[in-house]
Amino acid sequence: MKYYGVLTFFLLLAAVLSLISCSRNPYAATNRAHKKQVRAYIRSLKDLPLKNAQEDSILQGDYWVGTTNFNLRKPNYVVIHYTAQESTEHTLNTFTEPATSVSSHYVIGGDGKVYQMLNDYFRAWHGGAGKWGNTTDLNSGSIGIELDNNGTEPFEEAQIQSLLRLLARLKKAYSIPAGNFIGHSDIAPTRKVDPGPLFPWKRLAEQGYGLWPYKDYFAEALSQDSALVVQSIALLSNIPMPAGEQITDNDALREILSKRIVDAIAVEEALRIIGYDISDIGAAVRAFKLHYIQKDVHAPLTDEDKIVLYNVYKRSL
Ligand SMILES: [Zn+2]
């Protein structure tokens, strides 16, 4: 009798605890649906050997041979977004509604709290139709990070701090190259403007996430006070120096080089090499300006912008 009493007590306690934990997490129901989907994908990972090979006229080997040497495919890009929604809660809710068909791996609130909604190895639906370089399925190769921000307000310091910590972890875990930390507007220039001109790309790049041009292309070389260094840059850049042109000092040389770059740069080619889809060149220029110039994004490229473009292009080669 005593034994049953204790057992009943613990069963009741377990029931109460599970009720408490359910009431604490408003997403208990969708979490269960999530886990069910995960289990289905885990089962599909075991599909071997080649199914229905005869339908595709594929001649199979005599027996199945499983390799012992493998691991999971790794994400190689990080795509950063802003949510353009009212609150973190609103976004979390949106990403748990099947009808919306949108999601991301992480959502970061203005308070710096990080919500991981999907394992990094799964494919979230954050990029949509897009292209970067020759990659046309960014969702398959990337981690999506959504920042709670309505698109017109500055990003919160706590949020950026959290983002930087998360990026450090992802970069290390998957060996993601610096240039592969990009924004939604970069991969979908005709459709998207996030994370927008207020996003601190420069700060990220200084810590190894994304490319950034030097403010002054020649500043670094000139700081060494050597015209030779700058002339070397010109040679490496394949910018011809006409014979007989007199170069008297660094400033003069800089002016000549800048003018040559502005005259010679093939804008479409440079944008394409950086990664932009140039099928709509106006949209590609705007996306470039959103990321690297961050002002007057609807205006054409100025001479100064072209120097920045040239610098980013050189870094992308
Ligand atoms: Zn986005």
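The expected span of a helix is taken as 1.5 Å times one less than its number of residues. Helix α13 (residues 303-316), with 14 residues, reaches 20 Å from its first C-alpha to its last, close to the 20 Å expected at 1.5 Å a residue. The structure is a predicted model, in which local features need pLDDT of at least 70 and side-chain atom pairs count only at pLDDT 80 or more, while totals for chains, interfaces and linings use all residues. Residues are numbered from 1 along each chain as its sequence is written, and side-chain values use heavy atoms, with hydrogens and water left out.

The protein contains 13 helices and 5 strands, these being DSSP runs numbered from the N terminus (helices H or I, at least four residues; strands E, at least two). Of the 317 residues, 37% are buried; buried denotes under 20% relative accessible area, exposed over 50%, and partly exposed the range in between (1.4 Å probe, protein chains only). In α13 the buried residues are Asp-305, Ile-307, Val-308, Leu-309, Tyr-310, Asn-311 and Val-312. Among contacts (heavy atoms within 4.5 Å) between residues at least 6 apart in sequence, 62% join residues at least 24 apart.

The zinc ion has as protein donors His-81 (ND1), His-184 (ND1) and Asp-194 (OD), at 2.0 to 2.2 Å. Along the chain these donors follow the spacing H-x102-H-x9-D. His-184 belongs to helix α6 (residues 184-187), whereas Asp-194 lies in the loop between α6 and α7 (201-206), 10 residues apart. Donors are defined as N, O and S atoms within 2.8 Å of the metal (3.2 Å for Na, K and Ca); water is not among the atoms, so sites may look incomplete. His-184 is buried, at 4% relative accessible area, as is Asp-194, at 6%.

The count of salt bridges comes to 7, each requiring a side-chain nitrogen of Lys or Arg within 4 Å of a carboxyl oxygen of Asp or Glu. One of them joins Glu-157 and Arg-203 (2.9 Å, N to O). Because Glu-157 lies in helix α5 (residues 157-174) and Arg-203 in helix α7, this pair ties together parts that are 46 residues apart in sequence. Glu-157 is partly exposed, with a relative accessible area of 41%, and Arg-203 is likewise partly exposed, at 27%. In another salt bridge, the closest N and O atoms of Glu-206 and Lys-202 are 3.0 Å apart. Both residues lie in helix α7, 4 residues apart, about one turn of the helix. Glu-206 is exposed at 57% relative accessible area, whereas Lys-202 is partly exposed at 41%.
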